[in-house]
Amino acid sequence: MILFYERIPRQLAVVLSELLRNSRQALLPKGGEIQLHASQQQNLAIIEIIDHGKGFTELERQHAFDPFFSGRQAGRGLGFGLSKCWRIIAQHQGTIQIHSSPGTTTVIVQLPITSSYAE
């Protein structure tokens, strides 16, 4: 069981890296700011990543976590990034949501805080 808990920081690093990479790509080519907020509400760790890129279309938002789905131009991505994030978060009984409008996207990750993680 210890091996499972040792993987948690690496898995969460993969999630954060992928979400930040997506935000950075959404800001191309003009650039902009990415905000990262972390907080705790009761027994939940909450991570919010906000970018002011092009935003998701409704179709992209509906299929964002589907494997092989990519809202980018053909050949520019395999569509595994958000699917991988969803799977890792789900394995830890968490949730991930995307709220998007033209010019702003917020990704919210909620993960339960348990005493097992702190050991």
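This note goes through the salt bridges, the nonpolar core, selected contacts and the backbone geometry of a predicted model.

1. Basis of the values. The model is predicted, so local features need pLDDT of at least 70 and side-chain atom pairs count only at pLDDT 80 or more, whereas totals for chains, interfaces and linings use all residues. Residues are numbered from 1 along each chain as its sequence is written, and side-chain values use heavy atoms, with hydrogens and water left out.

2. With a salt bridge taken as a side-chain nitrogen of Lys or Arg within 4 Å of a carboxyl oxygen of Asp or Glu, the count comes to 4. One of them joins K84 and E18, whose closest N and O atoms are 4.0 Å apart. Because K84 lies in helix α3 (residues 81-91) and E18 in helix α1 (residues 2-26), this pair ties together parts that are 66 residues apart in sequence; helices here are DSSP runs of H or I with at least four residues, strands are runs of E with at least two, and both are numbered from the N terminus. K84 is partly exposed at a relative accessible area of 40%, while E18 is buried at 9%, where buried means under 20%, exposed over 50% and partly exposed in between, with a 1.4 Å probe and protein chains only. E18 and K84 are also linked with R21 in a network of salt bridges.

3. R61 and E58 form a salt bridge with the closest N and O atoms 2.7 Å apart, and the two residues, 3 apart in helix α2 (residues 58-63), are separated by about one helical turn. Both partners are partly exposed, R61 with a relative accessible area of 32% and E58 with 44%. A further salt bridge joins E60 to K54 at 3.7 Å between the closest N and O atoms; here E60 counts as buried at 12% relative accessibility, whereas K54 counts as exposed at 57%.

4. The largest nonpolar core. A nonpolar core is a set of buried Ala, Val, Leu, Ile, Met, Phe, Trp, Tyr and Cys residues joined through side-chain atoms within 4.5 Å, and the largest one has 14 residues, of which V15, L19, I89, I96 and V109 touch the most other members. Two or more residues come from each of α1, β2 (44-51), α3, β3 (95-101) and β4 (104-112), and α3 gives the most, with 4 residues. Leaving aside residues up to four places away in sequence, the contacts of I96 (heavy atoms within 4.5 Å) are with L19, F65, C85, W86, I89, V107, I108 and V109.

5. V107 is found in strand β4 and counts as buried at 9% relative accessibility. The C-alpha atoms of V107 and E48 are separated by 5.6 Å, although these residues are 59 apart along the chain, and E48 is among the residues that V107 touches, together with L19, I47, I49, I96, Q97 and I98, not counting residues up to four places away in sequence. S23, in helix α1, is likewise buried, at 3% relative accessibility, and touches I34, I49 and D51 under the same exclusion of residues up to four places away in sequence.

6. E33 in the loop between α1 and β1. This residue is partly exposed, with a relative accessible area of 47%. E33 and D51 are 18 residues apart in sequence and 6.2 Å apart in space, C-alpha to C-alpha, and E33 touches L27, I50, D51 and H52, not counting residues up to four places away in sequence.

7. Backbone points to check. Most residues other than glycine have a negative phi, and most peptide bonds are trans. In this model the peptide bond from L28 to P29 is cis, with omega near 5°, and P29 is found in the loop between α1 and β1. Q42, in the loop between β1 and β2, has a positive phi of about 55° although it is not a glycine, and this residue counts as exposed at 75% relative accessibility. Q93, in the loop between α3 and β3, has a positive phi of about 60° and is not a glycine either; Q93 counts as exposed at 61% relative accessibility.
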